[in-house]
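Let's walk through this model together, one question at a time. Have the sequence and the structure open beside you.

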Amino acid sequence: MRLVLDWDGTVTDGDGLHLVLLEFGDQAIYEAHEARLGRELTLHEVIAGEFRTVRAPLDAVEAWVRENVRLRPGFRELAQRHAPLIVSSGFHELIEPLLEREGLELEVRANRLAPSPDGWQVLFRNDEPCPVCGEPCKRADVSGLRAFAYVGDGFSDRCVAEAATRVFARDGLARYLEQRGVAFESFDDFYDVMEALAGGAVVPPARSRGRNT
């Protein structure tokens, strides 16, 4: 059984995308888009609209991320032990500098950026609607896995979490699953997850793989 992790708000201690938008984007537009998420706007529309307000050079944002975004305690140890798959609604360009900072190489499935002084454009990896939730979502990233444990925290994790064999959840995802009567295990950090997995069957892939491009 493969271990699959969300990135922002799960691996990162706090939502890294939100932190970038607070520093480089437009707070008012961010708040307006978040208020409409899941009602008037899809997740893709929200992400695209929010990041159009970012106009800084990518290298400046990458440097800021390296300096300011912290990872949840226990992540390095969990990554070294279980070689998890990272599945994110964020961006390779903001995830991989942090993995490099930590000395880790993991398989990452995320979106990409086309930075511009006129506003960043988001290049989504998948535009096909999910047959379950009706929007492009993370289920497509795990379609080849027969069994997987999923660790997440937010809106983008809802559909894929309901497909998982085992779920570790916190914050908004935990509240959502509780409301739907879906079983999950709570966690504060990755030491909690490792302890829970200690007697389980989650194993790393048969051979080491680099980051997905």
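Q: Is Cys133 buried, partly exposed or exposed?
A: This is a predicted model, in which local features need pLDDT of at least 70 and side-chain atom pairs count only at pLDDT 80 or more, while totals for chains, interfaces and linings use all residues. Residues are numbered from 1 along each chain as its sequence is written, and side-chain values use heavy atoms, with hydrogens and water left out. Buried means under 20% relative accessible area, exposed over 50%, and partly exposed in between (1.4 Å probe, protein chains only). Cys133 has 40% relative accessibility, so Cys133 counts as partly exposed.

Q: How many disulfides does a search of the whole structure find?
A: A disulfide is a covalent bond between the sulfur atoms of two cysteines; here the term is given to a pair of cysteine sulfur atoms within 2.5 Å. For Cys130, the nearest cysteine sulfur is that of Cys137, 3.8 Å away. Cys133 is in no disulfide either, with the sulfur of Cys137 nearest at 3.8 Å. The number found in the whole structure is zero.

Q: Is Cys130 buried or exposed?
A: The relative accessibility of Cys130 is 9%. By the cut-off of under 20%, Cys130 therefore counts as buried.

Q: How do the residues lining the largest cavity divide into nonpolar, polar and charged?
A: Here Ala, Val, Leu, Ile, Met, Phe, Trp, Tyr, Cys and Pro count as nonpolar, Asp, Glu, Lys and Arg as charged, and the others, Gly among them, as polar. The lining divides into nine nonpolar, three polar and one charged.
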